[in-house]
Amino acid sequence: MVIIVIVFGIAMMIYTNVLRLSLSVKKLKAQALLQETMLKAELSSENTTQSVTTGDFRIEQEVKPYQDNAGLTEIHLTAFDQNQQKIAELQKVINSKP
Amino acid sequence: MIKASALYIVIIIALVIGLLCSSLIVAAYLYRIQYQKKFRQDQLENNISSGINILLNSTDTSFTREKTFSLFSNDMDSVFIQKIPWGVYDIGTIKAFAQRDTLFKSFSFANTIDSTKWAALYLIDEDRPFSLSGKTTIRGDAYIPKAGVQAAYIDNKAYEGDKRFIIGTKHNSERKLPSLDEKRLKQFEQYFTQANTGDSTLSKKDSLQNSFLRPTHVFNFKKTAKTIENIYISGNVTLFSDTTLTIDSTAVFKNIQVYARAIIVKSGFHGSCQLFATDSIRVEQNCELSYPSCLGVLRFKSPVVNFQAKVSMGKNVSFSGLIFTYDKMDSQLKPLIIADKNVKITGQVYSHGIVQLNDKSEIDGSVFTSRFWYKNSFTLFENYLINATINSKALSPYYLSSGLLPVSGKKKKVLQWLEAN
């Protein structure tokens, strides 16, 4: 009986640790959302620094010229959850005029 | 009272639980590794894309030497960028790397067309009219001499084309053609004048391929008249010859460049390449040179024996890309571009001298020339077009022009993806 309890205890510890350390669906979702936002930004000619709430996430878009080149724009996207914790981020240099 | 077999049962249960736990750990580990790999792949692809945008928007020559730098001064955002001038176009190579992973892409790029300068036809003004006969069609804007355009009766043929003569807006042309890009011309002058070292013999293999991520594989046949045959040559390869170079129909060229005094492309050749000569290029009948190809005859000094620089295309040749002639001395004997019967050119023709279009020659794109010739058995007619078609509307909207030409815009785009992993 004691051995069974100990084995079950260890198994539960392993299970909870694996679950705790595995990737969250939330993070994957946030990264996919950032990729989609980046694609839209690449097609748009009017990108501005803004904050947009999409579903459970708030996406902050920071736009600035890249190394003083008027033809290039640096876009920095950051996704925050409802607790205002940073979940994912994405940076890319895009054409200012697609 | 516990059964004697209880310990066995406990051991078996513990083993089963142990197996379940270890498979759970292995599954989580593999999933995590795959996720990290995918995450790095996505990040590298983003960095490659950023590198491509940086290269396409760079106006300086800073990338002609390879350059490695951090995109955003963070971890995992290093890129390697290099620009290689490749004939009339440019080649870009980008590498993005993080830890042990590297992604690379190489591509050719060119300029978009400046619609304000674009025209189906630009014929310089030499104080004489431009005449059309037979089933000639000119579709698109045209720059023609102030004397205008008129119908002519040649070889028992009256003009049978559109009543407007030119289906598009007419503008007055200048006395000189809009000039070619000086930087690119200097680049060509260097290629033809500097001593180029390289292998003097081609290997006996049936194929030769060189990546644009490696140094250019140069062959210099010097004064030996060479025939290239039974070989497939592709990528970062340049051939030089101080005399005539013959390209047989059994050879296949892909994206390579050739510099020689004279080049002969044998009947039936298929491929895409850039051929540059100082004296002449002859493309025999039934050849097909696909986009992006280039035929250029450039003269930077007077030849010892004075003869006409020439690009000639035999019957049924299909060509896509750029054909041009350039004469630095602006000599009396002007360079000549001849298109025989049923020649189809898709792209641009820029001639510092004369363009001779024969029956049923078709140019889907534009022609910039100083003069037109039409020859029959007895007579040579100047500034006459007979049974020829020039149609700029038939050119693909995705067509990109070389920065060498005056109609090229500032914006650069990817012309062709060459290599990637």
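Strand β6 (residues 130–133) of chain B runs parallel to β9(B), and 3 bridges join them. This is a predicted model, in which local features need pLDDT of at least 70, side-chain atom pairs count only at pLDDT 80 or more, and totals for chains, interfaces and linings use all residues. Residues are numbered from 1 along each chain as its sequence is written, while chains are lettered from A and ligands numbered from 1 in the order in which they are written.

Terms for strands and helices:

- Helices (H or I, at least four residues) and strands (E, at least two) are DSSP runs, numbered from the N terminus.
- Two strands pair if DSSP finds at least two bridges between them.
- Strands of a sheet pair through backbone hydrogen bonds, either parallel or antiparallel.

**The sheet in chain B**

- β6(B) belongs to an open sheet of 3 strands, in the order β9-β6-β29, with parallel pairing.
- The edge strands are β9 (149–151) and β29 (384–386) of chain B, and each pairs on one side only.
- Leu132(B) has Ala151(B) in β9(B) as its bridge partner.

**The sheet in chain A**

- Here 4 strands form an open sheet with antiparallel pairing, in the order β1-β2-β3-β4.
- β1 (50–54) and β4 of chain A are at the edges with a single partner strand each, so one side of each has no neighbour in the sheet.
- The twist averages 20 degrees from one strand to the next.
- β1(A) and strand β2 (residues 57–66) of chain A run antiparallel and are joined by 5 bridges.
- Thr54(A) has Phe57(A) in β2(A) as its bridge partner.

**Helices on the chain A sheet**

- Helix α2 (residues 25–43) of chain A packs on this sheet and touches β1, β2, β3 and β4 of chain A.
- The direction of α2(A) makes about 20 degrees with that of β4(A).
- Helix α1 (residues 6–57) of chain B also packs on the sheet, touching β3 and β4 of chain A.
- The direction of α1(B) makes about 25 degrees with that of β4(A).

**Where the chains meet**

- The contact takes 18 residues from chain A and 19 residues from chain B (two residues are in contact if their C-beta atoms, placed from the backbone, lie within 7 Å).
- On the chain A side, α1 (2–21), β3 (69–80) and β4 (86–95) give two or more residues.
- α1(A) gives the most to that side, with 7 residues.
- The chain A side divides into 12 nonpolar, 5 polar and 1 charged residues.
- Ala, Val, Leu, Ile, Met, Phe, Trp, Tyr, Cys and Pro count as nonpolar, Asp, Glu, Lys and Arg as charged, and the others, Gly among them, as polar.

Methods: Axes are lines fitted to C-alpha atoms, for helices over the stretch in contact, and angles run from 0 to 180 degrees between N-to-C directions.
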